[in-house]
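Subject: Structure handover

Hello,

Here is the structure I promised you. Please open it and keep it beside this message as you read.

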Amino acid sequence: MANTYVAISTVEVSSGGTASIEFNTIVGTYTDLLIKVSARQDAAGTNGQFQIRFNGSSGSIYNRFKLYGDGSSAVSNTGSSENSFQYIDVPRTDSTASTFGNIDIYIPSYAGSTNKSISIEAVTEQAGVTAYTEIYTGVWQSTEAITSITLTPMGSGEKFVQYSTATLYGIKNTV
C-alpha cells in the first residue's frame, strides 16, 4: 500500500513566542495524520513539557505505554492514567543554546467513529550532557472525528520560542 503525505499546514513561531500551536478545521479526507514538531520553550529549567488536546477536549487521552531513556537508564510503564500525553519533553532556556526537541505525533484513522490510537516519538537533549528519547502509545477515548489539535506548554505563562515549528500532514493510504 503506497502512502501519500500532504502538508496541510505549517506553524512557525515568530519573535515573542506563542502560548500554543493550533491546527483548526482539519478535514476528514485523509486516512491518518502526522504532526512533525521542532520545539523549545522559554522558561528556566532543563526540560519543558507540552500537552496535546483534540477538539478542545480537556481530558480522555490515556497513556497505554511509555518508554523513556537518557543514555544511562531507561524507564517503561503501562497504565491508563488520563492526560499522560502532557509530558512530552522539549528543551528550555537552561538546555544547550539553540537546540530544539523533535517530536512525531501519529494519529491513524483520525476521522473514524471509534476511539483514536496515538503514537509519539520524541528526542531532546539537556544542556549538552544528556539526550532523551521517549516513545508513547495511547488512545483518545472519543468517537468524534478529530477536527482540531492544540499543542500547549504545561507551565504557567510558558511559550514556544521563535523558530519552533509544527507541520500537520494528512496521509492517504492508496493501493
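Below is what was found, from the whole chain down to single residues.

First, the ground rules. This is a predicted model, in which local features need pLDDT of at least 70 and side-chain atom pairs count only at pLDDT 80 or more, while totals for chains, interfaces and linings use all residues. Residues are numbered from 1 along each chain as its sequence is written, and side-chain values use heavy atoms, with hydrogens and water left out.

**The whole chain**

The chain has twelve strands and zero helices. Strands here are DSSP runs of E with at least two residues; helices are runs of H or I with at least four; both are numbered from the N terminus. Of the 175 residues, 42% are buried. Buried means under 20% relative accessible area, exposed means over 50%, and partly exposed is in between (1.4 Å probe, protein chains only). Take the contacts with a separation of 6 or more: 77% of them join residues 24 or more positions apart. A contact means heavy atoms within 4.5 Å.

**Strand β3 and its partners**

Why is β3 largely enclosed by the rest of the structure? Seven of its eight residues (32–39) are buried, so the rest of the structure largely encloses this strand. β3 pairs with β8 (residues 101–108) in the antiparallel sense, over eight bridges. Two strands pair if DSSP finds at least two bridges between them. β3 also runs antiparallel to β12 (residues 165–174), with seven bridges joining them. Look at Leu33. Its bridge partner in β8 is Ile107, and in β12 Leu33 stands opposite Gly170.

In soluble globular proteins, nonpolar side chains tend to be buried together. The largest nonpolar core here has 29 residues. β3 gives the most to this core, with four residues. A nonpolar core is a set of buried Ala, Val, Leu, Ile, Met, Phe, Trp, Tyr and Cys residues joined through side-chain atoms within 4.5 Å. Ile52, Ile103, Ile105, Ile149 and Leu151 have the most contacts inside the core. Leaving aside neighbours within four places in sequence, Ile149 is in contact with residues including Leu33, Ile35, Ile52, Ile107 and Leu168.

**Salt bridges**

How many salt bridges does a search of the whole structure find? It finds two. A salt bridge is a side-chain nitrogen of Lys or Arg within 4 Å of a carboxyl oxygen of Asp or Glu.

- Lys36 and Asp104 meet through their side chains at 3.0 Å, N to O. This pair links β3 to β8, across 68 residues. Lys36 is partly exposed at 36% relative accessibility, and Asp104 is partly exposed at 27%.
- Arg92 and Glu158 meet at 2.3 Å, N to O. Arg92 lies in the loop between β7 and β8 and Glu158 in the loop between β11 (149–153) and β12, so the pair ties together parts that are 66 residues apart in sequence. Are these two buried or exposed? Both Arg92 and Glu158 are buried.

**Two loop serines**

Ser98 has a positive phi of about 65° although it is not a glycine. Ser98 sits in the loop between β7 (88–91) and β8, and is exposed at 64% relative accessibility. Ser109 also has a positive phi, near 50°. Ser109 is in the loop between β8 and β9 (116–126) and is partly exposed, at 44%.

Best wishes
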